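Subject: Structure handover

Hello,

Please find the structure below. My notes on what was found in it follow.

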Amino acid sequence: MRTRARRDGDDYILNGSKMWITNSPVADLAVVWAKDDEGVIRGFIVPAGTPGFHAPKITRKMSLRASVTGRSCCRTAAFQP
């Protein structure tokens, strides 16, 4: 797991990305799994439109065209657990 959650006061700073997430470009919420500084895996509920988070659509796929697929990206985004 490469997505990391770093503690910053009461918040966590998330950095990382994940590919091939079904329906991510149209979702209102995302569950982002990240490993913290102690090695514990934590889940974060992230609303779409949160600064530092985006879920762009993957285009030009060779297969899996039945649903919209995207990737989720967190770049220095602050979230509360």
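Among contacts in the protein between residues at least 6 apart in sequence, 58% join residues at least 24 apart; a contact here means heavy atoms within 4.5 Å. This is a predicted model, in which local features need pLDDT of at least 70 and side-chain atom pairs count only at pLDDT 80 or more, while totals for chains, interfaces and linings use all residues. Residues are numbered from 1 along each chain as its sequence is written, and side-chain values use heavy atoms, with hydrogens and water left out.

Overall make-up

The protein has 0 helices and 6 strands, giving the pattern β-β-β-β-β-β along the sequence. Helices (H or I, at least four residues) and strands (E, at least two) are DSSP runs, numbered from the N terminus. Of the 81 residues, 30% count as buried, where buried means under 20% relative accessible area, exposed over 50%, and partly exposed in between (1.4 Å probe, protein chains only). The accessible surface comes to about 5,600 Å², and 52% of it belongs to carbon and sulfur atoms. Accessible areas come from the Shrake-Rupley method with a 1.4 Å probe; for residues, only the protein chains shown count as cover.

Largest pocket

The largest pocket holds about 310 Å³ of space. Of the 23 residues that line this pocket, Lys18, Ile21, Val31, Val32 and Ser72 are the closest to its centre. The lining divides into 13 nonpolar, 8 polar and 2 charged residues. S3 gives the largest share of the lining, 5 residues, and S2, S3, strand S5 (53-54) and S6 each supply at least two.

For the terms: on a 1 Å grid over the protein atoms alone, a pocket is an open set of points where a 1.4 Å probe fits, with protein on both sides within 12 Å along at least five of seven lines, and lining residues have an atom within 4 Å of a point. Grid points are joined across faces, edges and corners, and a volume is the space filled by probe spheres set on the points. Ala, Val, Leu, Ile, Met, Phe, Trp, Tyr, Cys and Pro count as nonpolar, Asp, Glu, Lys and Arg as charged, and the others, Gly among them, as polar.

Two residues

Cysteine 74 lies in strand S6 (residues 69-79) and counts as buried because its relative accessible area is 2%. Not counting residues up to four places away in sequence, cysteine 74 touches Leu14, Asn15, Gly16, Val32, Gly52 and Phe53.

Serine 24 sits in the loop between strand S2 (11-22) and strand S3 (29-36). Serine 24 is also buried, at 11% relative accessibility.

Regards
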